[in-house]
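Biologist: I am new to this structure. Please walk me through it.

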Amino acid sequence: MKEIFAAIWSYRHFIVSSIKNDLRSRFARSKLGALWMILQPLAQVAIYALVLSRIMAAKLPGIDNRYAYVIYLMAGMIAWSLFAEVVTRSLTIFVDNGNLMKKMAFPRVCLPIIIAGSSLVNNLLLLVTAVGVFVLIGHSPSVAMLWLPLLIGINLAFALGLGLILGVLNVFVRDVAQFMMVVLQLLFWLTPIVYMPSIIPDRLRALLEFNPMMHMVIAFQDVLLYGRAPSIAGLAVIAATATVLLLFSLILFRRSAPEMVDVL
């Protein structure tokens, strides 16, 4: 493990420059540039809000703002978009960069770190935009937002650990990426982003408790919508899960790295 972290630190300038290049390349010759990073999640929020706002707004007692459901949606989408982007891009990170891995000598673990860094920048831009929208619709930021760095860090660690595991497995079994795209769509609807947990029957809600992203999304909603501290128990669940996934992913990656280049 020390060797992996030492390698990441030694190649920190390579990682930072690669993140910059990744962001530039994604929007090369695009007139809107970085705006595309936030337009898609905002468009999703707008669609769900237009369709479900009147139905779901009544399920948010204690919130006077008429746009409470929009804030609820955006808070959930901020949490989900970081997780989904890191996992989705990590699925094929080694396959897509197979030629690079064969031609250049650099720590392969830098690749998922670059993905995580690029996705984090995207997410921070979305967060800043969302807070600006909240202010415009009369929902002022609260002191509870000081929890956001911790929430984002835990969310990123969880996504990176899961993404690295799946990315390694996908090198050897290419069906993993296709299967996980379906799972991610299912997981989105098993996470209370569009709806509230209170509308789910108690028996089903107990099953949803096993979904770590449910705790993550609720934590963001607590902070951004209700202006209160997130549940420590919920955070502990996803933090513990993220720690286990990260450790396991590093062990799996270290043992599989020599074989990955041959397979690719």
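Modeller: Start with the model itself. It is predicted, so local features need pLDDT of at least 70 and side-chain atom pairs 80 or more, while totals for chains, interfaces and linings use all residues. Residues are numbered from 1 along each chain as its sequence is written, and side-chain values use heavy atoms, leaving out hydrogens and water.

Biologist: How many helices and strands does the secondary structure come to?

Modeller: Both are DSSP runs, numbered from the N terminus: helices are H or I with at least four residues, strands E with at least two. The count is 12 helices and zero strands.

Biologist: What radius of gyration does the protein have?

Modeller: The radius is taken over C-alpha atoms, and the globule rule is 2.2 Å times the number of residues to the power 0.38. For 264 residues, a compact globule would be near 18 Å, which agrees with the protein's 19 Å.

Biologist: What share of the residues is buried?

Modeller: Buried means under 20% relative accessible area with a 1.4 Å probe, protein chains only. Of the 264 residues, the buried share is 50%.

Biologist: Which helix supplies the largest share of the lining of the largest pocket?

Modeller: A pocket is an open set of points on a 1 Å grid where a 1.4 Å probe fits, with protein on both sides within 12 Å along at least five of seven lines; lining residues have an atom within 4 Å of a point. The largest pocket is lined by 25 residues, with Gln40, Gln44, Ser81, Ala84 and Glu85 nearest its centre. Helices α3 (36-57), α4 (68-91), α7 (110-136) and α9 (175-189) each supply at least two. The largest share, eight residues, comes from α4.
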